[in-house]
Amino acid sequence: MLSLSSSCLFFLFALLKATVWAADYSNPLKASDAGDPNIVYQDGWYYLMATGSPPPVLQMTRARTLDGLKTGEVRDVWRDSTPERCCNLWAPEMHLVDGRWHIYYAAGPENDAGVQRSHVLQGGTSLWDDFFYLGQIRDDYSVDGTLLTANGQNYYVYSCRPNNVQSLCIAPRTGPATTGDSKVISTPTEEWESRNSPLNEGPYALYHEGNTWLSFSAGTCDSPTYSLGLLKYNGGDPMEKASWSKTGPVFSSANGNYGTGHNSFFTSPDGTETWNVWHSVTNSSGGCGSSRSASAKIVNWNEDGSPNLGQAPPLGEVLQGPSGEPDQ
Ligand SMILES: *[C@@H]1O[C@H](CO)[C@@H](O)[C@H](O)[C@H]1NC(C)=O
């Protein structure tokens with residue numbers, strides 16, 4: 001009897017663990033100074049970076065679970081006294097290039113956010129290694145830079161300002177810090193991209209079952225209409241606007257989260273799930289400053305293979321975390 005009931009219990013426990021193999025979490029993951037959030041999972045750790053507020057420093061938080069990021073270890077990764085790139089450190093993104101981690105970010109001089117340029121730091125094989133300045137990537141206005149692989153080629157996609165309208169540009173990536181001539185692949189042409197002010201920014205690549213998209217943010221972050229759109233790659237030359245089709249908004253203010261935008265995607269610890277992380281504010285007028293918090297939610301997939309980002313859940317709602325987190 002004893003051995004039967006204990007093996008029954010063991011079986012039940014194993015079943016529970018197999019079906020609920022994730023720690024719970026709730027949003028926000030970072031309550032303030034969390035604009036333009038980027039999360040990466042590597043070797044047992046989640047790493048979070050975001051746009052902070054002055055003093056200008058790039059910080060990284062790490063934790064074993066998604067929920068643990070709220071109280072994770074925080075580390076200063078980068079400060080720079082070089083006047084032309086000291087300040088306005090925006091939108092850091094962590095990318096593995098040729099086996100080493102790199103942080104792509106925008107920066108400029110102290111009192112002028114109109115001359116932002118993109119830069120890259122190089123680290124080691126772990127995100128907790130030290131980072132060193134590798135170089136400036138572009139000579140034109142360039143913020144929110146990200147990496148894209150499409151049609152077997154590597155690209156750098158960023159927010160540019162052709163004709164003074166903030167748009168999305170693409171350039172071939174020839175090395176971790178070098179790019180070729182750029183072209184515009186998206187300008188804010190649709191009504192939902194221009195509700196507050198016409199603007200495209202914050203691109204991030206999404207790959208699933210052979211399909212490729214770029215998510216991006218439309219409108220301005222100081223508005224509740226700031227929202228996400230998608231550019232789907234339809235084949236052909238990724239540098240041509242005609243190779244991409246736009247839909248949106250696919251994710252906008254909901255459940256007390258306003259100005260839900262500048263997202264990125266990350267993969268669950270076991271590699272089976274895609275997760276969306278974005279910033280929002282609780283002020284119904286929207287906001288761009290330090291009041292931005294970072295939140296995350298699993299991405300579901302529609303029958304036609306396209307991503308379904310759903311809605312931002314209410315802050316504080318307890319949800320199941322990414323698949324494969326250690327049972328704690
Ligand atoms: C919300 O944002 C508006 C516009 O920036 C501002 O005037 C107002 O003070 C903010 N409200 C709160 C409670 O912070």
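Colleague: Which residues lie nearest the centre of the second largest pocket?
Modeller: That would be W90, E201, C221, C288 and R292, out of 22 residues that line the second largest pocket. Keep in mind that this is a predicted model.

Colleague: And how much space lies in the second largest pocket?
Modeller: About 350 Å³.

Colleague: What does the lining of the second largest pocket have by class?
Modeller: It has 9 polar, 8 nonpolar and 5 charged residues.

Colleague: OK, over to the largest pocket. What volume does it have?
Modeller: The largest pocket comes out at about 580 Å³. Its lining takes in 23 residues, and those nearest the centre are Y204, A205, Y207, F265 and T267.

Colleague: Which elements give two or more residues to the lining of the largest pocket?
Modeller: Five strands do: strand 2, strand 6 (87-97), strand 10 (143-150), strand 15 (200-208) and strand 19. By class, that lining has 14 nonpolar residues, along with 7 polar and 2 charged ones.

Colleague: In what sense do strand 2 and strand 3 pair?
Modeller: Antiparallel, over 6 bridges. As one example, I39 has L48 in strand 3 as its bridge partner. The two strands make a hairpin with 2 residues between them, and D43 in that turn has a positive phi of about 45°.

Colleague: Where else is there a positive phi in a residue other than glycine?
Modeller: A91 is one, with phi near 50°. A91 lies in strand 6, and at 3% relative accessibility it counts as buried, because the cut-off for that is under 20%. N164 is another, with phi near 65°.

Colleague: And N164, does it count as buried or exposed?
Modeller: Exposed, because its relative accessibility is 70% and the cut-off is over 50%. N164 lies in the loop between strand 11 (153-160) and strand 12 (167-175).

Colleague: New topic, aromatics. How many aromatic pairs does the count come to?
Modeller: The count is 13 aromatic pairs. Take Y46 and F266: their ring centres are 6.2 Å apart and the planes stand at 90°, so this pair is edge-to-face.

Colleague: Which parts of the chain does that pair link?
Modeller: Distant ones: Y46 is in strand 3 (residues 45-51) and F266 is in strand 19 (residues 258-267), 220 residues apart. Y46 and F266 are both buried. They also belong to one aromatic cluster, together with Y25, Y41 and W275.

Colleague: What sits over the ring of Y133?
Modeller: The charged end of R85, 3.6 Å from the ring centre. There's also R64, which lies over the face of W45 at 3.9 Å from the centre of that ring.

Definitions and conventions
Residues are numbered from 1 along each chain as its sequence is written. This is a predicted model: local features need pLDDT of at least 70, side-chain atom pairs count only at pLDDT 80 or more; totals for chains, interfaces and linings use all residues. Side-chain values use heavy atoms; hydrogens and water are left out. Rings of Phe, Tyr and Trp (its six-membered ring) pair if their centres lie within 6.5 Å; planes under 30 degrees apart count as stacked, over 60 as edge-to-face and the rest as tilted. Helices (H or I, at least four residues) and strands (E, at least two) are DSSP runs, numbered from the N terminus. Buried means under 20% relative accessible area, exposed over 50%, partly exposed in between (1.4 Å probe, protein chains only). A charge sits over a ring if NZ of Lys or CZ of Arg is within 6 Å of the ring centre and within 35 degrees of the ring normal. Two strands pair if DSSP finds at least two bridges between them. On a 1 Å grid over the protein atoms alone, a cavity is a set of points where a 1.4 Å probe fits but cannot get out, and a pocket is an open set with protein on both sides within 12 Å along at least five of seven lines; lining residues have an atom within 4 Å of a point. Grid points are joined across faces, edges and corners, and a volume is the space filled by probe spheres set on the points. Ala, Val, Leu, Ile, Met, Phe, Trp, Tyr, Cys and Pro count as nonpolar, Asp, Glu, Lys and Arg as charged, and the others, Gly among them, as polar.
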